[in-house]
Number of protein chains: 2
Amino acid sequence: MEVAPQIENIKLEDGTNTTADDDDFVDPWTVSSKSNAGVDYDKLIKRFGSSHIDDALIERLEKVAGKPVHPMIRRGIFFSHRDLHTLLNMVEAGKKFYLYTGRGPSSDSMHLGHLVPFIVTKWLQETFDVPLVIQLTDDEKTLWKDLTVEQSMRMARENAKDIIAIGFDVNKTFIFANLDYMGRCPAFYQNIIRIQKCVTFNQVKGIFGFGDSDVIGKIGFPAAQAAPAFSTTFPFIFGNDKLPVLIPCAIDQDPYFRMTRDVSPRLGFPKPALIHSSFFPALQGAKTKMSASEDNSAIFLTDTPKQIKTKINKHAFSGGRPTLEEHRELGGNTDTDVSFQLLRFFLYDDDELERIRVAYSTGELLSGEIKKIAIETLQPIVADHQTKRKEVTDEILEQFMALRPLNYQINMQKKK
Amino acid sequence: MEVAPQIENIKLEDGTNTTADDDDFVDPWTVSSKSNAGVDYDKLIKRFGSSHIDDALIERLEKVAGKPVHPMIRRGIFFSHRDLHTLLNMVEAGKKFYLYTGRGPSSDSMHLGHLVPFIVTKWLQETFDVPLVIQLTDDEKTLWKDLTVEQSMRMARENAKDIIAIGFDVNKTFIFANLDYMGRCPAFYQNIIRIQKCVTFNQVKGIFGFGDSDVIGKIGFPAAQAAPAFSTTFPFIFGNDKLPVLIPCAIDQDPYFRMTRDVSPRLGFPKPALIHSSFFPALQGAKTKMSASEDNSAIFLTDTPKQIKTKINKHAFSGGRPTLEEHRELGGNTDTDVSFQLLRFFLYDDDELERIRVAYSTGELLSGEIKKIAIETLQPIVADHQTKRKEVTDEILEQFMALRPLNYQINMQKKK
């Protein structure tokens with residue numbers, strides 16, 4: 001006779017449902033806000049129980065990094081964190097860590113917003129000279145969307161090429177897609193089972209809002225996104241070492257890692273540290289995030305200069321005034337103006353950005369003019385990406401996805 | 001914004017909970033009955049919605065097999081089936097099929113009762129010359145019991161050696177343990193995801209009695225036991241062929257395959273056929289089944305002749321009468337007498353078994369005497385197993401567990 005073991009009830013750091021707010025709705029699958037300025041991130045930090053990335057933390061980060069932080073951190077695009085101080089303590093004490101980020105491949109083409117976590121991840125990798133694992137959750141996309149296993153797997157490979165084109169170092173980066181990697185490394189499934197033994201349905205119900213009519217694949221999936229936060233999921237990189245991890249991601253992914261952080265100590269691992277980015281707005285405005293399934297909401301990495309021009313001119317929500325007179329008199333609203341927001345993400349000259357902000361806010365710069373600046377900023381970025389993307393052959397992809405040791409200077413003390 | 005796909009509600013063949021009966025309790029983890037004669041199998045067949053293996057089916061099986069059926073089938077130890085007629089139709093039409101069975105490795109040592117499904121599986125494999133896959137659910141045991149991943153994996157290997165010692169042909173048999181095989185063949189996880197996309201929490205709640213406080217590993221696990229019923233889970237054996245499968249198993253495993261049979265047509269596979277065995281009684285009587293976790297309930301495959309003798313003499317429930325006089329006058333009860341039941345499973349001389357039945361029923365044979373026969377029947381079987389088990393080296397184990405094509409005559413028409 002077999003009896004179920006007593007599984008202790010885990011008390012979550014945040015017992016609330018992620019979807020609870022009158023104005024904003026945020027979970028890993030849906031983001032929406034009633035405000036044109038987008039989600040209220042102060043409220044979100046409170047609800048999620050994370051911490052602000054404040055000036056003191058940025059200063060400390062710059063001190064440890066030995067250089068200025070990436071503009072996306074300085075400008076508050078990465079605005080929230082968990083345990084970044086603890087991680088920096090470890091770095092200063094000469095401890096090792098690694099980076100983990102990922103993407104759900106739900107379309108063949110990625111859009112500009114998808115680049116955001118990867119850009120900062122690349123900066124962190126170069127700054128701290130640490131190994132990086134990138135997960136493509138093609139299993140998740142099969143479970144949540146009307147996609148077959150084969151379709152999701154193909155999209156994972158296409159997306160991986162876009163990610164490689166961002167410029168990651170093949171010697172320090174391992175990219176894997178769940179539907180493939182699960183069948184190539186027993187340690188992955190073994191860690192998933194360890195995690196799945198620690199988490200009850202009640203808990204995923206509370207964290208993700210799952211219900212009785214959800215398929216069992218969804219209910220089990222969070223463990224697959226949690227597992228890469230345990231370094232033993234990659235024995236060919238880390239051996240049996242239980243290393244700390246830093247996870248850069250958009251804040252809607254935080255529920256997965258709240259669950260992970262709860263499981264970590266029970267499996268003898270340090271809790272993962274996180275830095276969270278805000279959402280990249282849809283062209284129509286920050287009420288929703290840019291989405292690959294809404295063609296006109298997104299600037300794709302495959303768009304031509306002409307398409308970019310047309311999309312921004314036609315669809316980018318303007319914070320300008322209804323008439324020229326009013327605009328000159330009252331100025332535009334940079335908080336809601338999507339063109340300005342695009343520049344905030346992708347124009348890295350701080351002085352230039354400030355000049356544009358002031359000019360637009362005072363009415364000196366018109367809606368059409370700020371759109372023109374946004375277009376001319378993004379066109380070369382996308383074109384450059386396309387050039388690099390073309391160079392990513394299947395062979396290069398296989399190199400990134402091969403199970404192998406990574407070449408990195410992981411002991412920070414040795415660096416000194 | 002991502003929206004969950006519409007998952008159609010599956011209507012199960014049997015909507016009832018498997019645990020529903022006043023006298024008997026049967027689910028994949030617990031078997032108990034209020035009766036010393038054990039579970040009422042007629043009732044169970046009705047509740048599960050399976051079919052009796054009746055004389056007509058046995059006759060047909062013998063005709064197709066071209067030889068008498070195995071004593072365990074003839075004696076009604078395998079008493080229930082699903083779609084065996086359909087499978088025999090296919091065999092007669094020259095269609096291919098394969099066998100799938102398995103075991104949950106919850107102890108280092110297997111007991112006599114664990115042999116039952118394997119003995120009939122071996123008979124079926126030899127009779128029909130078909131490939132066989134054997135699953136060791138070490139993941140299940142980690143999830144359900146107080147066992148680590150490492151402990152379950154070790155037990156899986158130990159149990160595999162016992163299974164090999166039964167005499168399976170290495171050229172026709174693939175043995176795999178989930179915590180290992182999942183990481184060696186992507187097709188396994190891919191099929192699990194396909195299955196998990198078809199089954200809701202509501203459904204596993206109804207079939208297995210899972211609740212909100214169960215861990216998510218348990219909730220997802222049934223898909224891992226279902227997947228080997230889909231031939232594409234073994235691409236190195238079957239390529240992309242979607243072959244029919246016959247699953248010999250104890251009837252408590254039927255809930256898994258009711259779920260599987262419901263999913264099969266949605267994934268384009270034929271529904272698996274099954275033959276179900278009754279439970280092997282505990283030495284204390286048929287109210288529970290023999291269990292490896294209750295030392296005195298079981299005759300282990302590692303027991304010495306002396307241990308077997310002591311256990312049967314001391315613990316085997318007797319269907320005899322309280323006094324010699326009463327016994328001589330009224331005779332013993334072979335339905336409840338565990339020694340007789342052991343002979344029914346393992347003494348294959350029909351005339352001899354009938355002679356013992358009559359002699360015991362009429363009081364000619366005494367309790368101590370039938371125990372002696374049982375002891376002398378089982379001692380050489382267990383000793384012989386131990387001899388063969390010793391010959392199973394790690395190297396032989398690796399051969400059985402290696403991913404490879406199997407060598408078998410799968411097209412029945414070619415045999416003629």
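Helix H17 of chain A gives the most to the lining of the largest pocket, with four residues, where helices (H or I, at least four residues) and strands (E, at least two) are DSSP runs numbered from the N terminus. The model is a predicted one, in which local features need pLDDT of at least 70 and side-chain atom pairs count only at pLDDT 80 or more, while totals for chains, interfaces and linings use all residues. Residues are numbered from 1 along each chain as its sequence is written, chains are lettered from A and ligands numbered from 1 in the order in which they are written, and side-chain values use heavy atoms, with hydrogens and water left out.

The largest pocket holds about 550 Å³ of space. Of the 28 residues that line this pocket, the closest to its centre are Ala37(A), Tyr41(A), Ser278(A), Gln341(A) and Arg344(A). Among the elements of chain A that each supply at least two lining residues are helix H1 (41-48), strand E4 (78-82) and helix H17 (338-346).

Where chain A and chain B touch, the contact (heavy atoms within 4.5 Å) takes 53 residues from chain B and 53 residues from chain A. Together the two chains bury about 4,500 Å², 59% of it on carbon and sulfur atoms; buried area is the accessible area (1.4 Å probe) that two parts lose on being put together, summed over both. Between chain B and chain A the count is four salt bridges, and the side chains of Glu150(A) and Arg194(B) meet in a salt bridge at 2.6 Å, N to O. On the side of chain B that touches chain A, the largest share, six residues, comes from H9(B).

Key
On a 1 Å grid over the protein atoms alone, a cavity is a set of points where a 1.4 Å probe fits but cannot get out, and a pocket is an open set with protein on both sides within 12 Å along at least five of seven lines; lining residues have an atom within 4 Å of a point. Grid points are joined across faces, edges and corners, and a volume is the space filled by probe spheres set on the points.
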